[in-house]
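Visitor: Please put the structure up, and then let us go through it question by question.

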Amino acid sequence: MTGVRSNHLFHSRGDGTFEEAPFPQDGKWAVAAAWFDYDNDGLLDLFVVRYVEWDAAKEIYCGTKEYRQYCHPKEYRPLANALF
């Protein structure tokens, strides 16, 4: 599961339940993830798609004086994707 501040990796126990597996947390906003064999070694690698650098405490203001709106993603610094 990807998210704004953290990501979570769950492992199936095989009985319909899941347990959370350890996963490095870096506080970066991720929007998608996919498994594939990047280096062709027969083991799956995890590719995490990241979005933009965002901090609620440093949120920029977009819109007019009377009406605030969401800022376009181009107003933020992009984040590099990650491969695990």
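Guide: A definition comes before the surface: patches are made of residues with over 30% relative accessible area and no salt bridge, with like charges joined within 9 Å and nonpolar side chains (Val, Leu, Ile, Met, Phe, Trp, Tyr) within 5 Å. Accessible areas come from the Shrake-Rupley method with a 1.4 Å probe, and for residues only the protein chains shown count as cover. A salt bridge, in turn, is a side-chain nitrogen of Lys or Arg within 4 Å of a carboxyl oxygen of Asp or Glu. The model is predicted, so local features need pLDDT of at least 70 and side-chain atom pairs count only at pLDDT 80 or more, while totals for chains, interfaces and linings use all residues. Residues are numbered from 1 along each chain as its sequence is written, and side-chain values use heavy atoms, with hydrogens and water left out.

Visitor: What is the area of the nonpolar surface patch made by Met1, Phe10 and Phe18?

Guide: Met1 lies in the segment before β1 (9-12), where strands (E, at least two residues) and helices (H or I, at least four) are DSSP runs numbered from the N terminus. Met1 is exposed, with a relative accessible area of 65%, exposed meaning over 50%, buried under 20% and partly exposed in between (1.4 Å probe, protein chains only). Together with Phe10 and Phe18, Met1 makes a nonpolar patch of about 360 Å².

Visitor: Which residues make up the largest nonpolar core?

Guide: In soluble globular proteins, nonpolar side chains tend to be buried together. A nonpolar core is a set of buried Ala, Val, Leu, Ile, Met, Phe, Trp, Tyr and Cys residues joined through side-chain atoms within 4.5 Å. Val48, leaving aside its neighbours within four places in sequence, is in contact with residues including Phe23, Ala30 and Ala82. The largest core has five residues in all, namely Phe23, Ala30, Leu46, Val48 and Ala82.

Visitor: How far apart are the closest N and O atoms in the salt bridge of Asp26 with Arg50?

Guide: Asp26 is partly exposed at 37% relative accessible area, whereas Arg50 counts as buried at 14%. The closest N and O atoms of Asp26 and Arg50 are apart by 2.4 Å.

Visitor: Where do Glu53 and Arg77 lie?

Guide: The side chains of Glu53 and Arg77 meet in a salt bridge at 3.6 Å, N to O. Glu53 is partly exposed at 40% relative accessibility, while Arg77 is exposed at 57%. Both Glu53 and Arg77 lie in the loop between β4 and β5.

Note on methods: Contact means heavy atoms within 4.5 Å.
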